[in-house]
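Me: Hi! Could you walk me through the charged side chains in this one?
Reply: Happy to, here it is.
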Amino acid sequence: MIVIEIGFARDDFAFNIVAQHSSTTTPAFYKLTAMWSSQEGSLLLWAWVLSIASSLALRATRKTLREIVPYATAVMMGIAVFFIGLMLFAGNVDPFMKSNPVPAEGVGLQPLLRHWAMMIHPPMLYSGYVSFTIPFAFAIGALITRSADSTWIRATRRFTLIAWTFLGFGLLLGSYWSYEELGWGGYWAWDPVENAAIMPWLMGTAFLHSVMVQEKRGMLRVWNVALIVTTFSLALLGTFLVRSGVLQSIHAFGDSTVGPYILGLIAIVVIGSTLLIISRLDDLRSERRIESFASREAIFLLNNLLLVALTAVIFWGTFFPLISELFTGDKASLAAPWFDTYTAPVAVGLVLFTGIGPLLVWKRMGWKNAKKTFTAPIVVSLIAGLAVLLLTDAGSEPLAFAIFLFGIFTLVALSTELWRGAIARRRLSGESLPVAAVSLVSRNRRRYGGYIVHAGIAFLLIGIAASSSFQTKEDITLKPGESATVGAYNLTYKRPTVDVTNERISFGADLLVSRDGGKPVLLNPSRNYFRPNGEPSGPIASYFDGEATSEIGLQSGLRRDFWTAVQPNMTKMNRTVARADAGFRRCIRGAPGTPPACGAVGKMMRAAAADPSIRPVALDQIQQLQVATIRKVADGYLTEDSAATFRVLVNPMVTWMWIGALIAISGAMIALWPTARGRRARAVATRAAKVKAGKPMPGSPAGGESGS
């Protein structure tokens, strides 16, 4: 990793990975993060993160699980060997492959990836995928050694939560990149690779809940090992989809030689784990049963079933093109409306049980306690729902309204639990209420961190429901100086803008936006046109042969976002570019009537053909002349008075989706952070293990009665 990163930092184009994914003009931040934009770099990242996670896991369990650890180590090593073997032997994915010949300039980073979120998104996603290896490996070790208790779960709980957090943060960054960079206005397109990333996150969520049932009640042992095997298999499936090219995706690397190998690994994991679970069914069975539907374990199981159902729906929709092709010969696909239709009802149930589950007790909850616990959340959510129905048209979207209603129920229920706990602690300690609340959370981080995660998920689902169900969308064509109205917003196309570099031309607009006659805000959406990768020079028309990206204009708020992208009218510009290219060619040839600078550049080009040593100087002069020509052409766009088409979206409450996701991640971090009591418990356990092994403790005489 260090060697490759140094190669990117030094523009060492002798490495093929550097030559294909960076350039001298690539900003430093993107140079250091461009490695994982490549196929071979992402595999190297996979192996590197796995080596770190495995080392940390073995460090954490060095004095415990002595029977399980050797088998878990073998599983982790086997997976590491597989991914390193891919880089060594699979053909075109060796990150140390050399360029021949070594180019003077690199291709550069793909324009769509030049966004800060996309550069952080892959390592977060891979860290989530890879970290699920740890609980999977220990589950296999527990099955092999017939260790049916929950010791392996307690030992790997933190790694499971780390994997869930990393994967969730990666999904958040990918959604934000889509919202800002792709120019279509959404944050989730049900793309195959997006779906492949969310499926292990959903199954990991189910696993995190169900292992608590095994810890507290000794139940769901078969279910838990099946969940972690499925979660890890889906993580491998996500890695496979990005690299196989079997499904079309904007996120995929395309056809690759490694896809069949990863598919083989998935088959080994699924078949081998299934056979192992079946052979251990007698050891895994629990004598306890769910005693009441009004219990935490019952709701957790129902929550699990909903998560599994949601994953099954997404899996079916994602792979439907392959299923359709297998049975009909036609590769039909299911669009976003199909996913929305079948996932929305499940989401309603999930947001409801997100609030109910933490409030229930284990085994059975009596009517008296249930009444005390649920009265306030039900009353407040009903009042809030009635107010929303009276003040808005939320009743036209019943599923979105249900998510809002149950989301409010969840938030009130969790807030009530925190309030009651803080009041009780204040009575015991005499602390102020805010201090008591902070102390309560810090002393019960796992419990209240989980509550914060649930609250964040409620906010997130409310934001998704509102922004997807009540979005206003219009495409408007305006000339400079013209105005239009979208809902309560007035927008005025003030003037066109142009920005030119050697790599791209950007055509934008200054757009004045005001709401209900208020103070206008200036937004600057633009459309960027890039040269094809690897072409540092060429005709002016080559700027429009590469990839185009959108830079949006965005006014964010807690109630709504005003989002806009621009599509300039290039009809006149294309004719101007054609004339400029013809003139540029005459200039380079030194044709009669051309400026003297043109003839000098032409002579330099002919001299460079005879003497390659001066080629860089000639290339630099050509680029300078070309950029000057392009600037003149682009400046003509400012005076054309051409119309531009603006895509305008008003997204209600979409900001609460980002806020909710960040709240959930912060709750996970709180739950991850060790408490002083937890550290003392681990120290006592380590001391007991040493005493049991007959080792002398510090401060005690070696050997003898007191030493043992």
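Me: Which side chain does Arg146 meet in a salt bridge?
Reply: That would be Asp283, at 2.5 Å from N to O. A salt bridge here is a side-chain nitrogen of Lys or Arg within 4 Å of a carboxyl oxygen of Asp or Glu. The pair links distant parts of the chain, 137 residues apart: Arg146 is in the loop between helix H7 (133–144) and helix H8 (151–181), and Asp283 is in helix H12 (residues 281–284). Helices (H or I, at least four residues) and strands (E, at least two) are DSSP runs, numbered from the N terminus.
Me: Before I go on, what kind of model is this?
Reply: This is a predicted model, where local features need pLDDT of at least 70 and side-chain atom pairs count only at pLDDT 80 or more, while totals for chains, interfaces and linings use all residues. Residues are numbered from 1 along each chain as its sequence is written, and side-chain values use heavy atoms, with hydrogens and water left out.
Me: Thanks! How many salt bridges does the structure hold?
Reply: There are 13 salt bridges in the structure.
Me: Back to Asp283: how accessible is it?
Reply: Asp283 is partly exposed, with a relative accessible area of 27%, and Arg146 is partly exposed too, at 46%. Buried means under 20% relative accessible area, exposed over 50%, and partly exposed in between (1.4 Å probe, protein chains only).
Me: Now Glu297, which residue is its salt-bridge partner?
Reply: Arg217, with the closest N and O atoms 3.0 Å apart. Glu297 lies in helix H13 (residues 296–328) and Arg217 in helix H9 (residues 192–217), so the pair ties together parts that are 80 residues apart in sequence.
Me: Is Glu297 buried or exposed?
Reply: Glu297 is buried, at 1% relative accessibility. Arg217 counts as buried as well, at 4%.
Me: And what does Arg647 form a salt bridge with?
Reply: With Asp475, where the closest N and O atoms are 3.0 Å apart. Arg647 is in strand S10 (residues 644–652) and Asp475 in strand S1 (residues 472–478), so this pair joins parts that are 172 residues apart in sequence. Arg647 is partly exposed at 26%, and Asp475 is partly exposed at 47%.
Me: New topic: where is Arg66?
Reply: Arg66 sits in the loop between helix H4 (39–60) and helix H5 (69–89). Arg66 is exposed, with a relative accessible area of 60%.
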